[in-house]
Amino acid sequence: MGAGSGAANPDDSLLAPSLENAPANPPPFRAPGEAAVPAKRFLPPGTVTGTQSRINATPVYGSPNGFGAGDTGFDSSNTPHGKRRKKLTQAPPPAGPTTQQAETTFAPVPNFAPPAPSQPPVLKPPPPAEIAPKKAARRPGASLPPPPDELPISNPPPEVHPLAAANRLGAVIAPPPPEHFDYTATPPPTLPQPNTFLPGTLPERLLPIAETDPYAALGIRAGSFLLLPSLDLNGGYASNPERAQGSGPGSPYLTAVPELRVQSDWARHSLTADIAGSYTQYTEGLIPSLNLPFLNSKIDGRIDVTRDTQINLEQRFIISSDNPGSPNLQAELARLPPNQDVGETLGLAQQFNRLSLSLKGTFDRATYDPSELTNGQSTTNSDRNFDQYAGIFRVGYELDPGLKPFLEVQEDQRIHDEQFDRNGLQRDSVGTTAKLGSGVDLFGSLTGEMAVGYVERTYRDPTLPQVSGVIADGTLLWKPTGLTTAKLSASSQVYETVLAGASGELSRDVSVEVDHAFRSWLIGVLKVGYGTDDYVGLPLSDNRFFLSIGMTYIFTREVQMRAELRQDWQNATESGFSYTATTFLLGLRLQR
């Protein structure tokens with residue numbers, strides 16, 4: 001029977017009994033005056049039920065919302081009660097022409113729309129550059145976001161000059177490493193032994209501990225140069241400043257130590273300078289007076305002729321004096337006589353792949369001021385004035401980027417202004433020095449240069465014996481941990497003397513310094529050193545020891561405070577030259 005036939009099916013009551021008339025499903029209650037609910041519910045057109053024939057009928061799968069729900073209880077369609085009652089009372093819409101659908105029992109194939117063309121993701125702009133801590137924003141060359149408002153005149157943004165330097169990676173010149181008396185060749189002939197300086201007479205620069213020191217001086221830009229000025233103001237007490245036999249009278253003292261370091265920022269060539277001076281003032285009236293200046297000035301230049309050829313220049317100027325208690329000093333002195341050393345160096349260096357050659361010529365002029373006596377008279381020291389000419393040849397080979405052994409040979413000649421000294425001796429001499437050493441940069445923690453060799457000096461006067469012995473020169477820096485740095489220094493020199501029967505003074509010094517950072521702003525310093533002075537031709541020989549412990553408190557990049565306690569001992573083979581001395585120092589360092 002067709003789907004559109006109106007004839008009644010006698011099996012309807014058996015196949016689909018009316019639930020509304022069943023005793024188990026009584027009709028719902030209704031209010032008085034409310035219309036009765038029709039007994040027959042109308043389903044949406046096209047719905048297949050058990051009472052209709054399924055032949056030639058297009059199956060419709062699924063059920064409409066609310067189908068199967070009763071007249072009471074939960075309504076899954078969430079239809080309000082009033083609207084549901086109204087919908088049940090409405091008659092079904094009249095049957096009309098329907099569109100013939102294809103007869104199938106399969107679900108229709110979904111019609112997927114083509115995907116939209118992909119669009120590149122829109123990246124958010126990066127956040128503006130930010131520098132932390134805020135102190136870093138004041139460094140020259142710092143990359144900062146543009147200020148939102150115009151800065152006041154007293155706070156201009158950081159700049160880097162020249163403009164070529166501003167475009168370089170980092171745009172910051174590394175400050176020159178701290179080095180006092182780290183001369184590649186033999187030190188100048190009048191520079192005092194490094195272990196004999198009174199605490200506070202040299203600039204106190206800490207060893208580099210961390211790769212990036214948060215308290216390192218930033219310097220001042222001056223065109224294409226970086227200037228690093230500093231000033232040390234110290235006050236202390238010395239128990240035996242005159243280095244008298246045993247333990248002499250003590251005295252408080254004050255020192256002022258200005259310093260200026262300069263480094264160029266050029267694509268080619270180089271110019272560096274280290275000028276450090278000091279003046280020491282004792283409050284007690286010591287005799288002889290030890291109120292003296294000291295100056296050590298060194299200017300180095302390098303001309304890059306080609307990539308492998310360089311011309312090296314150096315100019316130095318030194319003002320110093322003999323150490324208190326030295327046997328070279330006269331008796332009845334009112335004050336220690338200062339001396340001066342003016343020197344120049346001209347050299348040529350050539351690189352042949354891993355082989356390097358260098359040749360240098362040096363000249364030093366040493367002069368001594370007259371000695372002022374306590375009786376008001378003065379005596380000349382012109383017999384101590386001399387000129388030194390030297391030639392230095394070095395050949396090195398790079399076995400590894402961190403290991404560069406070398407051989408260095410030096411020939412020099414000293415010519416005095418006067419042929420005979422105060423004792424009638426001819427002190428002109430010729431010296432030969434040979435050293436074997438290496439520059440190292442190993443393990444990322446050991447750097448520097450150290451050489452060991454032998455020196456011989458022959459004098460014109462036949463009565464003066466030859467000076468000879470093993471020597472060592474150089475500096476090694478070791479960083480065993482991120483908080484500790486150690487420095488090993490060695491220095492050797494043959495000094496002139498005026499002692500009758502002695503040809504020269506062979507001095508050798510070695511020292512070790514260890515700096516440890518308990519905090520980034522609290523540095524402990526330990527120094528220990530040993531030195532010998534041999535007066536060849538005489539039985540006089542000195543053995544010097546010192547031990548120093550100190551602490552440095554860093555307030556800011558510009559201000560530091562330090563305290564130091566040092567003990568010195570000297571044991572001499574002859575009486576009158578042995579002593580002990582204790583020195584305490586408290587100082588303030590200002591740097592930029």
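The following questions and answers concern a predicted model.

Biologist: Is Thr280 buried or exposed, and in which strand does Thr280 lie?
Modeller: Thr280 has a relative accessible area of 7%. Buried means under 20%, so Thr280 counts as buried. Its place in the chain is within residues 270-282, which form strand β4.

Biologist: Which residues make up the largest nonpolar core?
Modeller: This core has 12 residues. Among them are Leu198, Tyr253, Leu290 and Leu292, and Thr280 touches each of these four residues.

Biologist: How do Phe363 and Tyr389 pair: stacked, edge-to-face or tilted?
Modeller: The ring centres are 5.2 Å apart, with 45° between the planes. Planes under 30 degrees apart count as stacked and over 60 as edge-to-face, so this pair is tilted.

Biologist: Where in the chain are Phe363 and Tyr389?
Modeller: Phe363 is partly exposed at 27% relative accessible area, and Tyr389 is partly exposed at 43%. They are 26 residues apart. Phe363 is in strand β8 (residues 355-368), and Tyr389 is in strand β11 (residues 386-397).

Biologist: Which ring does the charged end of Arg384 sit over?
Modeller: The charged end is 4.2 Å from the centre of that ring. The ring belongs to Tyr368.

Technical notes: Residues numbered from 1 in each chain as written. Predicted model: local features only at pLDDT ≥ 70, side-chain atom pairs only at ≥ 80, totals over all residues. Heavy atoms only, no water. Helix = DSSP H or I, 4+ residues; strand = E, 2+ residues; numbered from the N terminus. Buried < 20%, exposed > 50% of the residue type's maximum accessible area, 1.4 Å probe, protein only. Contact = heavy atoms within 4.5 Å. Core = buried A, V, L, I, M, F, W, Y, C linked by side-chain atoms within 4.5 Å. Phe/Tyr/Trp six-rings, centres within 6.5 Å; stacked < 30°, edge-to-face > 60°. Lys NZ or Arg CZ within 6 Å of the ring centre and 35° of its normal. Lists of a residue's contacts leave out its neighbours within four places in sequence.
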